Amino acid sequence: MNNQIKDSTQELEYIERRLKLANEAVELIHEFEEIVSEIGISIMREVSINEEKLTIKAIYPNDNDLELELYEVATVYRSIIDGCGPCGGIFEEEIDFRIDDIEEDYKK
């Protein structure tokens, strides 16, 4: 009986830690989205937590529904920010486009 209680307690602690991490991830995503929206970029919207599966739910810019494990959220944002292989990320590219637009407007 003692082992069952110990296992249940450990499982509950695991779920609580995952839920805390999921909440932190959602907060960070909202902060990031707020910042990048100022330059016209949106990566994920309607971000929330699926508490049954302890995953992050969101809508991608192409209107596809996403349901990501916590580790996958970091991978998505890393590829958007840093790119993949020799290609720069979408984020960096968008900033370069905005800088070009500002420079062109300034030259006029």
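**Figure 1. Salt bridge between Arg-18 and Glu-69.** In this predicted model, Arg-18 and Glu-69 form a salt bridge in which the closest N and O atoms are 3.2 Å apart. Arg-18 belongs to helix 1 (residues 2-37), whereas Glu-69 sits in the loop between strand 3 (65-68) and helix 2 (70-82), so the pair ties together parts that are 51 residues apart in sequence. Arg-18 has a relative accessibility of 18% and therefore counts as buried, the cut-off for that class being under 20%.

**Figure 2. Salt bridge between Arg-45 and Asp-63.** The side chains of these two residues, Arg-45 and Asp-63, meet with an N to O distance of 2.1 Å. Arg-45 is located in strand 1 (residues 45-50) and Asp-63 in the loop between strand 2 (55-59) and strand 3, so this contact ties together parts that are 18 residues apart in sequence. With a relative accessibility of 31%, Arg-45 counts as partly exposed. Asp-63 is exposed, at a relative accessible area of 53%, because the exposed class begins over 50%.

**Figure 3. Salt bridge between Lys-53 and Glu-67.** Here the side chains of Lys-53 and Glu-67 form a salt bridge, with 4.0 Å from N to O. The rule for such a pair asks for a side-chain nitrogen of Lys or Arg within 4 Å of a carboxyl oxygen of Asp or Glu. Lys-53 lies in the loop between strand 1 and strand 2, and Glu-67 lies in strand 3, so the pair ties together parts that are 14 residues apart in sequence. Lys-53 is exposed, having a relative accessible area of 53%, while Glu-67 is partly exposed, with 36%. By this rule, the count for the model comes to three salt bridges.

Technical notes
Residues are numbered from 1 along each chain as its sequence is written. This is a predicted model: local features need pLDDT of at least 70, side-chain atom pairs count only at pLDDT 80 or more; totals for chains, interfaces and linings use all residues. Side-chain values use heavy atoms; hydrogens and water are left out. Helices (H or I, at least four residues) and strands (E, at least two) are DSSP runs, numbered from the N terminus. Buried means under 20% relative accessible area, exposed over 50%, partly exposed in between (1.4 Å probe, protein chains only).
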